[in-house]
Amino acid sequence: MSSHRQETVRRLAAPDIAARKGGVPIVCLTAYTAPMAEILDQHCDLMLVGDSVGMVVHGLPNTVGVTLEMMILHGQAVMRGSRRAMVVVDMPFGSYEGSPQDAFANASRIMKETGASAVKVESGETIVANIEYLVKRGVPVMGHVGLRPQAVLVDGGFKAKGKLDHERRRILDEARATAEAGAFAIVVEGVAEGLAREITEAVAVPTVGIGASVGCDGQILVTDDMLGLFDWTPKFVRRYGDLRTQIGKSVAAYADDVRQRKFPGPAEIYFAKAG
Ligand code: KIV
């Protein structure tokens, strides 16, 4: 009798991340492609297929133009490239703000077609009812408060939030309502110092900060930003690499080799066999 033992790795899920409240900080990064997901998988607890893909990969000016189809395609790639980290897929602008039924139809498409473990929505007063509707029907939801990139056209740019008292109170209320609606974790983006800690203390679920200080239960960055792929990054990004320079140097070396007929060399060509 033959036994087929498959090595199985259990993928982290919403309850695992929720249980990390107040514990070892949760490591999160964005991922949009299979090879990058493969590299990040062993280091991250959670990978977000962020709608930032529109700006980072597709050259869009903001995330408003990102479609459900784009999110599904990139979600599928990240799931193929990873085995262990929880994968969360952003719901794009226009896919969850209408009726709860429409939000559920779009969220279930993402879950079924990608196999991801959860969706993320930019939260607010008008969104919490839809979060509750999704969670009650089996869709784990991550919230997102503070700077909401999908509101860029209303806000007139990507501006840090919570500098004024009334705004601070509103964001705190939105975070509380998001947690009460059933979100398993909340991204806190671009808020003034002190507010992230206040939110973290006020909600029972983990907070994941980006431009939000160390007072969160975890951190997330756009991977391509922290790897130094762009010539400009926001103030809150720490660059852990300089891929832009490295890629530039590598491509220049290749171009030189091609122009001088040094590439391909004998090691890089096929030889005919005798006979
Ligand atoms: O779209 C995204 O990448 C995000 C992160 C910045 C949190 O929402």
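This report looks at the ligand site and the aromatic pair of a predicted model.

Local features here need pLDDT of at least 70 and side-chain atom pairs count only at pLDDT 80 or more, while totals for chains, interfaces and linings use all residues. Residues are numbered from 1 along each chain as its sequence is written, and side-chain values use heavy atoms, with hydrogens and water left out.

Let's start with the ligand. Around it are T30, L48, G50, D51, S52, D90, K120, H144, V187 and I210, each with a heavy atom within 4 Å of it. That shell splits into three nonpolar, four polar and three charged residues (Asp, Glu, Lys and Arg count as charged; Ala, Val, Leu, Ile, Met, Phe, Trp, Tyr, Cys and Pro as nonpolar; the others, Gly among them, as polar).

| Side chain | Distance to a ligand oxygen atom |
|---|---|
| D51 | 3.0 Å |
| S52 | 2.5 Å |
| D90 | 3.1 Å |

On its own the ligand has 260 Å² of accessible area, and the protein covers 96% of that (Shrake-Rupley method, 1.4 Å probe).

Now for the rings. The structure holds one aromatic pair, meaning ring centres within 6.5 Å. Y254 and F263 form it, at 5.8 Å centre to centre with 65° between the planes, so it is edge-to-face (over 60 degrees; under 30 is stacked and the rest tilted). Y254 is partly exposed at 49% relative accessible area, and F263 is partly exposed too, at 36% (buried is under 20%, exposed over 50%, partly exposed in between, with a 1.4 Å probe and protein chains only).

Technical notes: A polar contact is a pair of N or O atoms within 3.5 Å; within protein, one must be able to donate a hydrogen and the other to accept it, and residues adjacent in sequence count only if both atoms are side-chain atoms. Rings of Phe, Tyr and Trp (its six-membered ring) pair if their centres lie within 6.5 Å; planes under 30 degrees apart count as stacked, over 60 as edge-to-face and the rest as tilted.
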